[in-house]
Amino acid sequence: MSRIGKLPISIPTGVTISQKDDVVTVKGPKGELSQYVHPSIKVNIEEAQIIFEVDENHIENYKQKQAYHGLYRSLVNNMVVGVSEGYTKTLELVGVGYRVSNQGNLVEFTLGYTHPIFLQLPKEVKVETKSERNQNPIIILESADKQLLGLICAKIRSFRKPEPYKGKGILFKGEVIRRKSGKSAAAK
C-alpha cells in the first residue's frame with residue numbers, strides 16, 4: 001500500500017466534492033477543478049474526508065496500482081487545497097534593464113532582447129507586477145490550479161533562465177543561484 005495514498009484528505013468547510021464515473025470534481029470559494037482517476041483506484045467520499053483505496057479486482061500490475069494510489073491522492077489533495085486556499089508563486093527578474101508590466105492577463109517582458117516578449121495568461125491565473133526603484137521587478141501569480149501555475153512559471157522562466165556567471169535571469173523569490181567564477185587569468 002502506498003504511504004501517501006493511504007493518508008485521508010480532510011475536507012475544509014466550504015468545499016464540496018463529487019464523483020461521476022471516473023472524474024472527481026472539487027468546488028470551493030476559489031473555483032472548481034476536475035481530475036480523472038484511474039478505475040483501479042476507488043474514491044470513498046465521506047462526511048469530512050476522502051479515502052483512496054486500491055481496487056484488488058481490477059486486473060493490472062500491482063506496482064502500477066500503488067503508484068496510481070499515491071498519485072491520485074496527491075492530485076486531489078492539491079485540488080482541495082487550491083480551491084480552499086489557492087496557490088501563489090513569486091518570480092523575480094534579476095538583470096540590468098529587465099522590466100515587466102501587465103494589462104489584465106497580458107504580461108509584457110523586457111529582458112535584454114531586441115524586442116519585448118508578450119505572454120497571454122489563462123483566465124484562471126491572476127497576475128500582479130511590482131516595479132519599485134532600486135528593487136528587482138517582481139511578478140506575483142495566483143491560481144487555484146497548482147499544475148497550471150507551475151506550467152506558467154516554467155514558461156516564464158524559459159524566457160531568461162538563471163545563469164551561474166552573473167546571476168542574471170528570472171528566479172523564484174528567495175532562490176539562490178550557485179555561482180561560478182568564470183575564466184581564470186593564465187599563469188605565466
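Strands (E, at least two residues) and helices (H or I, at least four) are DSSP runs here, numbered from the N terminus, and two strands pair if DSSP finds at least two bridges between them.

Before starting, I noted that this is a predicted model, where local features need pLDDT of at least 70, side-chain atom pairs count only at pLDDT 80 or more, and totals for chains, interfaces and linings use all residues. Residues are numbered from 1 along each chain as its sequence is written, and side-chain values use heavy atoms, with hydrogens and water left out.

I looked at S8 (residues 99-103) and S9 (residues 106-110) and found them antiparallel over 5 bridges. Val 100 has Phe 109 in S9 as its bridge partner. The two strands make a hairpin with 2 residues between them, and Gly 104 in the turn has a positive phi of about 70°.

Next I checked the open sheet: 4 strands, ordered S11-S12-S7-S13, with antiparallel pairing. S11 (126-130) and S13 (169-172) are at the edges with a single partner strand each, so one side of each lacks a neighbour in the sheet.

I then went through S7 (residues 87-94) and S12 (residues 138-143), which run antiparallel and are joined by 6 bridges. Glu 92 sits opposite Ile 138 in S12.

Last, I asked what Leu 111 touches, beyond neighbours within four places in sequence. With contact meaning heavy atoms within 4.5 Å, I got Leu 93, Tyr 98, Ile 117, Phe 159, Arg 160 and Ile 170.
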